[in-house]
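The entries record what I looked up and what I found.

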Amino acid sequence: MAEINVPAAALGKHPCPECGGDLQWNAAKQALVCPYCGTIVPCAEASATPGANASAAAGASIVEQDLEAALRNPASGRGWGEQPGDQKREVQCQSCRAISVFVGGKVATRCEFCGSPSIIAHESTSEAITPQSLLAFKVSEGQMRESLRQWYGSRWFAPNKLKSAALTDTLHGVYLPYWTFDAQVNAHWRAEAGHHYYESESYRDDKGETQTRQVQRTRWVPAAGSLAHFFDDALVPGTTGVHAALLRQIEPFPTLTDLKPYSPEFVRGWTVERYQIDLHKAAKLNQDDMQAQIKTLCRREVPGDTQRNLQVEATYRGRTFKHILVPVWLVSYTYGARNFQVLVNGYTGAIAGEQPYSWVKITFAVLAVLILIILALALKH
Ligand SMILES: [Zn+2]
Ligand SMILES: [Zn+2]
């Protein structure tokens, strides 16, 4: 194994400088490694492509694309940036519908998201939007197995099958598709602001005597204002393969600071999921989300003790997007008729999982508690 430095320009084509094989990203070494001869090429060298300064300046070479232009012209930014020698194959799972992309290397025989063996070749469509940048795997397989072991240890009533699934071949590293959106929002709001005040009121009590009491009243005053807000890298998942609620639990992914420009050697040998939430759908989800957040921000601006009839008019300018890939370690297994997943954030190590409950274990635990209670009662007498 030799660690050598090669001219950056030669790496644009990503062959191994020793044997000419295709380099692959290695999470444990945080470098590109040749799977044939073991040569290690440091990543700073590898991502230094002519015209774009790597590592420190990696953020600078990551371009935000104009959203309106892309929606108007569906042909922009399409086609994966693969090399002529790179074979890209797509398969679709007939059970969960997830589409997996394999750049070079092996194609899985089972769906990595649900474990189903019924996968068929998927026509790789040239109009798919290219991932422009990604977070490369940082959590290595060894680190991930260790945190899985700990996570499993904290699941008291999980069946043993989960443990074996978590530690064996149902475990895969996958790159999931995400959209990120930026936008500058200016909003004007109008509302009625309510100010509380108190009045004395007289009334007759049970004995028929006149009493006075304080009553709260509200004076309504029209109010208006405006605010500006910049949304930076709002994330919308493009995945259908992993369960959405789980994915939310292992976010965030540090896309603002740590993205690298996309290059096939990062994904070669890993599975990439092709997005099925397309740009139109994702942009709509993002817009709804921004609108809800802007409304909340405006609500906070309304003066007074209470408010009603809030109306917000927002204009969105400079909407841009990126299509990115993020790394996730995935355990997928079936128990009974259901598919369960455990996810580990391949960058931060955050973990979240679903689990069935083992009724055998729960029954034994309940019996054990009952026996303890009976023993305690017996000892008292
Ligand atoms: Zn080699
Ligand atoms: Zn599937």
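The entries below go from the whole chain to its parts.

**Entry 1: Confidence.** I noted at the start that this is a predicted model. I looked up the mean pLDDT of the chain and found 82, with 83% of the residues reaching 70 or more.

**Entry 2: The whole chain.** I looked up the secondary structure and found 10 helices and 15 strands. Of the 381 residues, 30% count as buried. Among contacts between residues at least 6 apart in sequence, 71% join residues that are at least 24 apart.

**Entry 3: The core.** I asked which residues have the most contacts inside the largest nonpolar core. They are L134, Y175, L176, V326, V328 and L343, in a core of 70 residues. Strand β9 gives the most to this core, with 13 residues.

Entry 4: Helix α9 (residues 279–301) has 23 residues and reaches 33 Å from its first C-alpha to its last, close to the 33 Å expected at 1.5 Å a residue. In helix α10 (residues 359–380) the end C-alpha atoms are 32 Å apart, which agrees with the 32 Å that its 22 residues should span.

I then asked which residues of α9 are buried. They are L279, A282, N286, I294 and C298. I recalled that an α-helix has 3.6 residues a turn, so residues three or four places apart point the same way. The buried residues of α9 pack against α3 (67–72), β9 (171–204), β10 (210–237) and β13 (306–335). For α10 I found that the count of buried residues is zero, so I recorded this helix as hardly covered.

**Entry 5: The hairpin of β9 and β10.** I looked up how these strands pair and found the antiparallel sense, over 26 bridges. N186 stands opposite A228 in β10. Five residues lie between the strands of this hairpin, in which G208 takes a positive phi near 85°. I also checked burial in β10: two of its 28 residues are buried, so the strand lies largely in the open.

**Entry 6: A sheet of three strands.** I traced an open sheet with the order β1-β2-β3 and antiparallel pairing. Why is one side of β1 and of β3 left without a neighbour in the sheet? β1 (24–26) and β3 (40–42) stand at the edges, and each has a single partner strand, so one side of each has no neighbour there. Neighbouring strands of this sheet are turned by 40° against each other on average, direction ignored. β1 pairs with strand β2 (residues 31–33) in the antiparallel sense over three bridges. Within this pairing I noted that Q24 stands opposite V33 in β2.

Methods. Residues are numbered from 1 along each chain as its sequence is written. Chains are lettered from A and ligands numbered from 1 in the order in which they are written. This is a predicted model: local features need pLDDT of at least 70, side-chain atom pairs count only at pLDDT 80 or more; totals for chains, interfaces and linings use all residues. Helices (H or I, at least four residues) and strands (E, at least two) are DSSP runs, numbered from the N terminus. The expected span of a helix is 1.5 Å times one less than its number of residues. A residue is buried if 20 or more other C-beta atoms lie within 10 Å of its own, exposed if 12 or fewer, and partly exposed in between; C-beta atoms are placed from the backbone. Two residues are in contact if their C-beta atoms, placed from the backbone, lie within 7 Å. pLDDT is the predictor's confidence in each residue, from 0 to 100. Two strands pair if DSSP finds at least two bridges between them. Axes are lines fitted to C-alpha atoms, for helices over the stretch in contact, and angles run from 0 to 180 degrees between N-to-C directions. A nonpolar core is a set of buried Ala, Val, Leu, Ile, Met, Phe, Trp, Tyr and Cys residues joined through C-beta atoms within 7 Å.
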